[in-house]
Amino acid sequence: MNVVDLLPSPHQYFTLAVELLQSTIANNRRSLSKRRTPLDFDVDINTGFFPPQPLANLPPAYAAWELALSEASEKLSLGEDDSEDALAKRASGEQWRSEILSWPVIDTEALHSNLRFLQRAHLVLAWLVHYFVHSAPPSNDDAPFVVPKSLAVPLVAVSRQLGIAPVLTFADTVLWNWELVDASLPVSIENMRFVNLFSGTEDELNFYTTSAKAEFRGIEMLRIIDEYNNLPNLTDLTTISKVSRDLTRLTAIINDISDIIQGVRAVVDPHVFYWDLRPWFEGSDAKGPEAPGWVYEGVPASEKLDLSGPSAGQSSVMHALDLFLDVDHKLRQRRYPAPSDSNKRADHGFMDRMRRYMPGKHREYLSSLASSPRPIRELALQTPALREPFDNAVSALKRLRDLHMRIACLYIVTMSRSTPGAHAGCPVASMMDRLQISRAAGKGPTRGTGGNELSLLLKAGRDATRRTLLKEN
Ligand code: HEM
């Protein structure tokens, strides 16, 4: 037989080519459909971890919750606050809490199929819990504080649906706590108004706005990460120069976030933050592991719940950045310089624990970043042209953490040594007593909102960032 006879005819060539093309398209479609987009994790291209629209109020069956929240700030004051203004609200606070104690446990099933209602229910109930706990007069006994079942049971139910801790979180205070100034304009930091405020002060408003600004600035960073993860290959020159440019963009974003954090000093008075706002944020463990903490009535094994307060340590943007650059908070990698003794003593589980305070979908998004088959640090290690831009981004993040440490020191450590009376309108005597008691117990000043050894923790985070650098540091 002639060899030429064995070759496919032009028609067969054509058919083969078409089949090949079709199977390539089908494969691409399959892999595209397998690849989860940020939207699958409730991460919006324009608003990042913020919902694309403000959360609407709950349906009428839950009106009592909404009403109690809308009245809380005018009726309640910190239980430990002995100022005249606070004392004037004692009776209305007493009544507000006793109404909540008399409420039935409302079933949340009707909300479970609607993500935004679940988020709204979490926000409302978590704010009510913190209002309830911290407006109650301080008790001298060692019994745990009982959070009534009318709040505890539905809050735990919606939290399980959302995969988030059943307590006030960064999402409740920042991501979900806003409405549009002008509903006809798109969501932007200028068009956002924060709604719920414990202290009602401009400082509190500015504190949430600062965190929101950092979060907004991070959206471009999420796009950079997404584009990197979707690059078809990492070998050709064009791709490497794109990655290099994107690392430079990332460095600028991190520097901007540093400026935003630094900006807090101009708009949030440290006294107001420490004495008027922070006490409302405290969670069950804020007074230390020996203190009785909270019990969620009607919730089995409530001692196992995650009940620390909100912290910007729960910001998914910052976690995404750490994961993308491969900052090793848990000290699992052998990196230079070796961790100091104080680094080793710090709480290495903090960042992981903070993820339990994020909405479950955002946590899943972070897990998807963590399992990236193409870690950028590895690529930079193998690609001389990327080493410097990568290290520049890491150095910017290290500078951010240095600066953040100074802010935390000013707003927490220094303020814990201040007297509340130094700021007019601050609650005085009982606050001092509270601080002295916690100091005597070896707690208080050095502990963060989440009950962590503050300086050890923040330094360990800064040092882990420094160890991410490729060049000797
Ligand atoms: C007045 C302003 C601020 C103060 C006093 C402050 C204080 C603290 C404290 C005490 C912690 C330790 C964890 C805890 O217990 O909560 C912490 C952690 C953290 N904060 Fe802030 N913070 C401030 C603003 C911000 C802002 C605007 C951001 C930006 C997103 C931020 C990002 C973080 C991050 C990511 C952590 C986790 C630890 C780390 O990554 O180093 N903070 N902060």
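Which residues are linked in a network of salt bridges?

**View 1. A network of salt bridges joins several charged residues.** The linked residues are Arg217, Glu220, Glu227, Lys242, Asp246, Arg249 and Asp256. A salt bridge is defined here as a side-chain nitrogen of Lys or Arg within 4 Å of a carboxyl oxygen of Asp or Glu. Side chains of opposite charge can pair when their charged atoms come close. In the whole structure, 23 salt bridges are found. The model is predicted: local features need pLDDT of at least 70 and side-chain atom pairs count only at pLDDT 80 or more, while totals for chains, interfaces and linings use all residues. Residues are numbered from 1 along each chain as its sequence is written, and side-chain values use heavy atoms, with hydrogens and water left out.

**View 2. The iron atom of the ligand has a single protein donor, His404.** The donor atom is NE2, 2.1 Å away from the iron. Donors are N, O and S atoms within 2.8 Å of the metal (3.2 Å for Na, K and Ca); water is not among the atoms, so sites may look incomplete. His404 lies in helix H17 (residues 384-416). Helices (H or I, at least four residues) and strands (E, at least two) are DSSP runs, numbered from the N terminus. His404 is partly exposed, at 32% relative accessibility; the classes are buried (under 20% relative accessible area), exposed (over 50%) and partly exposed (in between), with a 1.4 Å probe and protein chains only. Leaving aside residues up to four places away in sequence, His404 touches Ile261 and Leu458, where contact means heavy atoms within 4.5 Å. An unreviewed UniProt entry lists His404 under "binding site"; UniProt positions are given in the numbering used here, feature names are shortened, and annotations may be inferred rather than shown by experiment.

**View 3. Asp402 and Lys398 form a salt bridge.** The N to O distance is 2.8 Å. Because the two residues are 4 residues apart in helix H17, about one helical turn separates them. Asp402 is buried at 18% relative accessible area, whereas Lys398 is partly exposed at 21%.

**View 4. Lys75 and Glu71 pair in helix H3 (residues 63-75).** The closest N and O atoms of this salt bridge are 3.1 Å apart. Lys75 is buried, with a relative accessible area of 18%, and Glu71 is partly exposed at 22%.

**View 5. A salt bridge connects Asp306 and Arg356.** Its N to O distance is 2.8 Å. The pair links distant parts of the chain, 50 residues apart. Asp306 is in the loop between strand S4 (294-296) and helix H12 (316-325), and Arg356 is in the loop between helix H14 (350-355) and helix H15 (360-370).
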